[in-house]
Amino acid sequence: MSGRLPAGGRIDRTRPLRFTFDGRGYTGYAGDTLASALLANGVHLVGRSFKYHRPRGILSAGSEEPNALVEIDRGGGRREPNVRATMVPLVDGLVARSQNRWPSLRLDLASLAGLAAPLLPAGFYYKTFLGPGREAWHRRWEPLIRRMAGLGRAPDAPDPDRYANRYAHAEVLVIGAGPAGLDAAIAAAEQGGRVILCDEQAEMGGSLLADPAQWDRLAAMLATLRANPRVTLLPRTTAFHHGLQNFVSLAQVLDRPDGLRERLWQVRARRVVLATGAIERTIPFAGNDRPGVMLADAARTYAARYGVLPGRRVVASVAHDSGYDAAFTLQDAGETVAAILDLRADPARAAAAEARGITVLRGHGIVGTRGGLHVTGVRAAPLMEGGRPDPVRARDIACDLVLMAGGWTPTLHLLSQARGRLRWDEAADAFLPGDLPEGITCVGSCAGTEAGLPIRAIAAGAAPGAFIDHQNDVTAKDIALALREGFTSIEHVKRYTTNGMATDQGKTSNMLGLAVAAATLGRALPEVGLTTFRPPYTPVTFGTLAGRARGLDFEPIRRAPLHGWAEAQGAVFEPVGQWMRARYFPRAGEDMHAAVARECRAVRAAVGMLDASTLGKIEVTGPDAAEFLERTYVNAVHSLKPGRSRYALLLREDGFVFDDGIIARLAPDRFHVTTTTGGAARVLHMLEDYRQTEFPELRVWLTSTTEHWGVIALQGPRARDLLAPHVEGLDLSREAFPHMACGAARICGIPGLVFRASFTGELGFEVNVPAGHAPMVWERLWQDGQRLGVVAYGTEAMHVLRAEKGYVIVGQETDGTVTPDDLGYGWAIGKAKRDFVGKRSLARPDMQRTDRLQLVGLKPRDGRVPDEGAQLVVGEGPSQGHVTSAYDVAVLGLLRAGRSRMGETILATSLDGAPIPLEVVPPVFLDPKGERLHG
Amino acid sequence: MLLIRCPWCGDRAELEFRHCGEAHIVRPADPSAQSDAEWAEYLYLRENPRGWHRERWRHIHGCGRFFNALRHTGTDRFAATYRAEDPRPEIPE
């Protein structure tokens, strides 16, 4: 079989490491990957395939690996699925498991599906979903496929590790630390700028690592770079996204003992040098997925870099001269090369092989492989006309390792992501860099390699059952079927067959799939097209992308000045935008319903206190402040006297309600404008837009004061009794300070503003003091209010109280299609105004229709309260509107031509039971004359 | 992430900015004199070119100023950013 060579390789034989795979213990060395260590222990079978559960081994030695996906368990919830064994540096105590098998890797019952492969042809899902088989999908296919298909298990605990991120700038970012990348980095460093060199492998050197003759040169180059303080070397760091203007994202694996797992680098570079190399192509013969079938250069890497022989007796299927290098390396390492089967009739290096005593069969291919869980031989045969091997003339050659040397595909994913153009180069038999975006250079084999047998000719000889996409189990036959069924665009063929759509992003399958399609269609490769490369180049963990922005750090939490007091009182909070607001204040034994009912009763009977600090506040100042507000809000503002305020409506230019609040005139040239809690930022943005771009001649300034003021709302018939003793410099009497009055005062000794305003229908005041003083003022009022039976109420009671009064909430009663008149709020519009934002739109014919949705009250006929969002219907007809707010004491809704339908009974749909009958009534359920409000 | 040149602050990361739609659309001085069709055009009709586009941006998480940009919608290349009062830059070749 296979095993560790007695000497050689870059592993550290003085540092043995123990690990387990599927529970069995093995030993490797420092410098191994999990894949090389498994091969050193003779383990080739490492997984089962996605669709057919075929036994699969290790195909490659790099990030292109489609087969060897394993689960790594680092304990304590650190279970990571679908890790490429070829990219995992071996560490002591590593625990790895195979995936997608039952009951065991060697005996997988679902692999019987492999015998039934015709049941899962290309387009299976489309056909099953859309055809008459839709029913069967639910009964039969879905349960079956859910059991069988898929890759690893998702982790079942929160990730305990930490992830970091960093921004960096560089004159030159070199991606790929093979010979070309190292040369480029050294040259760039000599220019004196900052240089970042990254490579996805744990060890830098790329192809030099598989060539012992180059190791001294490699060590010297790395020493040069390390000695330069302006060079940053990032091994185990994958450039996975190349954006515009050379903004490149790197995922660095750290696996630090302190729990810092990975780091996201976002690098902006003046110049990016792509030295990303090339990926070897497979050869499409039947059974090219059996464990023991490997890319030729991967086998060379295992032997030279890791000191591992992946077999004892090798047959190489070769279409490119590089296959000879691999065969010679293995032979030098002690392996028997049973034969080189060259698809080409007259290979240049055959003589060199024969001089080494290797049999070269020219113009030969593989009809199929033999073996069960591991390859035991191939059936070699001369090629027929058209390129397929002739099964009649096939003969067996025993072996335990089959190499595929299909030529090379330059790795240009990043260039394509950066919107560089790829062009087909016939001589190089590859897509090569075409038009390069500014600041990008391609060097080394990603810029082109020597060609072997053209891939189209290789594809023409594909066996129908040969695997093109190993990870998604797509065969040559599947691609042919898609073409027969009429899919000719390669993008459609890709989606229909899923070729290249697995987590390996088709690194080993895209080009061959394309070539098979081109050969089948009889067209040239570039005519068939190239699928789009999308980020990420290799899978990136969510942890790396999220960094520290998770849990409580996901986004900022805004806490109002009285948050701490509410918390101490046991308030239940709810998020409102980024704010946390107290929703209700339950007493012992109370649920939300009981608490809210009690809070509402107290406000109606005595007085309640609400933290209203989250209201958006904008101070509008300047000689033209009034004119500016006159042009933007619907209200008459010039006629507003200092010391008075108005309910304010802001429309969008299309005439629909955008926000509401209060405009208070503090002085002729100074206004205090409030917005909804959630609307503060967008209102300021909109007002700034008009100020800067439409009315730049107006001398007006806008300042957000939302967080400057702490706001305490006092609402209820005893509100004045509570507040007045604490206010100096302002007469709060009914006559001197009527509804909508405002003024400056000292409250508990603190200079602030008092507004006579109500969002409950009760006598109400809103006290504004600098936010830092709000807790003290609140505490004083709260203590004093005990004599009056004061309650603290939350947003839930606030909603109930305002709905009862028929006050709307923008975003609840409105949805971007509602005009002031629809709400019955036409009275707010300044009638004499020539213009304001949205006025012209209100004159459009559609806005004038009498059958628009209009705000109404809805009175339950049978005691049942409908759900918010329930549709309003009559008989079997279409929806007539919907319920916007629903509480025991008040239900509001938008109803077609609602104001003309008072007294009518309509139905609200119900998710659990019969529709709910509702009587259409005016939307004000409390104090329609406003006697309480003006009390 | 693009680097965008605010005419007041210089080069800043895209996440400091907000895109604000097509530029050089002037609100009619007297909207009431507009026909329904003219008003609808002002409200809703916008260019949607594949190519050079004059558009508004706001350095919302910086100086807060609105400005104009000439950007290619296919390549995301900025030919110029300019203040409202600046002459309109030429469309590149």
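Strand β34 (residues 608–611) of chain A pairs antiparallel with strand β40 (residues 709–715) of chain A, through four bridges. This is a predicted model. In the pairing, A:Met609 sits opposite A:Leu714 of β40(A).

Both strands belong to an open sheet of seven strands in chain A, ordered β41-β42-β43-β44-β40-β34-β45. The pairing in this sheet is mixed. Strands β41 (727–728) and β45 (791–792) of chain A stand at the edges. Each has a single partner strand, so one side of each lacks a neighbour in the sheet.

Helix α22 (residues 774–785) of chain A lies across β34, β40, β42 (742–747), β43 (750–756) and β44 (764–770) of chain A. Its direction is at about 15° to β40(A).

Elsewhere in chain A, two helices cross. The axes of α5 (residues 179–190) and α6 (residues 215–226) of chain A come within 10 Å, at roughly 35°. The crossing of α5(A) and α6(A) is left-handed. From α5(A), the contact uses A:Leu182, A:Ala185, A:Ile186 and A:Ala189. From α6(A), it uses A:Met221, A:Thr224 and A:Leu225.

Chain A also touches chain B. Here 17 residues of chain B are in contact with 18 residues of chain A. On the chain B side, helix α1 (residues 36–44) of chain B gives the most, with three residues.

The table sets out both contacts by residue class.

| Contact | Nonpolar | Polar | Charged |
|---|---|---|---|
| α5(A) with α6(A) | six residues | one residue | no residues |

How values were computed:
Residues numbered from 1 in each chain as written. Chains lettered and ligands numbered in written order. Predicted model: local features only at pLDDT ≥ 70, side-chain atom pairs only at ≥ 80, totals over all residues. Contact = placed C-beta atoms within 7 Å. Axes fitted to C-alpha atoms, helices over the stretch in contact; angles between N-to-C directions. Left-handed = near helix turned anticlockwise from the far one by under 90°. Nonpolar A, V, L, I, M, F, W, Y, C, P; charged D, E, K, R; others polar. Pairing = 2+ DSSP bridges.
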